[in-house]
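The questions below ask what stands behind some of the terms used for this model. Each answer sets a value against its cut-off.

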Amino acid sequence: MKVRVIVNPVAGFGSRVEEITKAVKEVFSDEEGIFEVRATGKQGDGFRLSKEARELGYDTVFACGGDGTINEVASALVGSEVTLGIISAGSGNGLSRALGIPEDPVKALELVVKGKKNKIDVGTVLDKYFFSTAGIGFDAVLSKRYNSRAGGARRGLLPYVPMALYEFLRYRPTEVKIKWADGKFSSKSPFLLTVANTEEYGGGARIAPGAVADDGLLDFCIIEDVGFFSALMIVKKLLNGTIEKAKGFAQIKASSFKIKRDDCGLLHVDGEPVDGKTENGILEFKSLPKALKVWCCS
C-alpha cells in the first residue's frame, strides 16, 4: 500500500501538518507500505504533488484542505487508477459533504481500510475540472472577491455577508445564450448561473437539490435577475435547503451544454476564480461519467 497525504497547511486552524502526520501514524501503524505527508507551499503544489504520486505508482492520494486544494489534487487523478481520499479542512467542503466523508481526520483516513471505492463524475469547462460546482453568475463574482482578500483575512462564511451586500449593489447581470445538447437555444439574464455535479456550493448552501455525482449528468441551475429583497430570500433558501421554492429558480439536467456571453468572462470552478474568456465567448460544460475514484463510506 502506498498512500500520500497532501496537506494545505493554511487550511482550517491549528498545526494542520502535525495533526495529520499524527493521524496517519495512528491509522496505518499496523499496515505495510509507504505512508507520507507532504505540505503545499503555493498554488499549484497540490496538482504537482498529486501528479508525482500518480506517476510513482501510489494507490491513494489524500487531499487535506478546502475545495481549492481538493480540486488541485483530484485534477491530477482524473482518468487514472489512483483513488482520491479527502480530509476536509476548509470553509466550504462541498465535495466531501456530498460524499459523506467524515470530518474527523482519523475517520477519513480509515476509509482506506474500512471504506469503499466509488467512481464519481467530473465536470469540465475550458480544459479545467470541477467536482462540485462551477458558475458564471453572482457566485463567480463572490468567488473572485473572496479569493482576492488579504492572506490573513478571516476564513469561513461570515466574510461573505458584507462582501455579498457590496457586490450585489454593483452587480449587473448580462444576457447569455444557452445551447442544450438537443440543439435548442434559450436566452437568460442570470443572477445565479451554476453548473453542479453535487448539491452544494459548500457550507450547507444547497444550490442543486437532488444532484448526484455519479449519474453522468450535470445540473444546470439558474435564477434570473432579482431585486434586493428577493436576493435575501434566495440566500435564506440556499442555507435552509429549499432553493427549489425560490421564485424564478430553474434546474435542468444535461450531459453537456454551451453558454455564449459577451461580458468580461468571470468563471469559478469549485469556488476558485479562473479566467473564463474565450475568443468566441462560448463556454462548453461537459460531464465525464465516473472519471474519478474516491474513497467513501459506502
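Q: Which helix does Leu-169 lie in?
A: Leu-169 lies in helix H8; helices are DSSP runs of H or I with at least four residues, strands are runs of E with at least two, and both are numbered from the N terminus. The model is predicted, so local features need pLDDT of at least 70 and side-chain atom pairs pLDDT 80 or more, while totals for chains, interfaces and linings use all residues. Residues are numbered from 1 along each chain as its sequence is written, and side-chain values use heavy atoms, without hydrogens and water.

Q: Why does Leu-169 count as exposed?
A: Its relative accessibility is 54%. Exposed means over 50% relative accessible area, buried under 20%, and partly exposed in between (1.4 Å probe, protein chains only). Leu-169 therefore counts as exposed.

Q: What makes the nonpolar surface patch?
A: Leu-165, Leu-169, Phe-228, Phe-229 and Leu-232 make a patch of about 520 Å². Nonpolar side chains (Val, Leu, Ile, Met, Phe, Trp, Tyr) are joined within 5 Å, like charges within 9 Å. Areas come from the Shrake-Rupley method with a 1.4 Å probe, and for residues only the protein chains shown count as cover.

Q: Which helices supply at least two residues each of this patch?
A: They are H8 (160–170) and H9 (228–240). The largest share, three residues, comes from H9.

Q: How many bridges join strand E7 to strand E10?
A: Three bridges join E7 (residues 133–135) to E10 (residues 190–196), and the two run antiparallel. Strands pair if DSSP finds at least two bridges between them. Ala-134 has Val-195 in E10 as its bridge partner.

Q: Over how many bridges do E7 and E16 pair?
A: E7 and E16 (residues 266–269) pair over two bridges, in the antiparallel sense. Gly-135 stands opposite His-268 in E16.

Q: What do E16 and E17 form?
A: E16 and E17 form a hairpin with two residues between them. Four bridges join these antiparallel strands, and Leu-267 stands opposite Val-274 in E17. In the turn, Asp-270 has a positive phi of about 50 degrees.

Q: What is the strand order of the open sheet of six strands?
A: The order is E14-E13-E10-E7-E16-E17, with antiparallel pairing.

Q: Why are E14 and E17 called edge strands?
A: E14 (249–254) and E17 (272–275) each pair on one side only.

Conventions
Patch = residues over 30% accessible without salt bridge, like charges linked within 9 Å, V, L, I, M, F, W, Y side chains within 5 Å. Salt bridge = Lys/Arg side-chain N within 4 Å of Asp/Glu carboxyl O.
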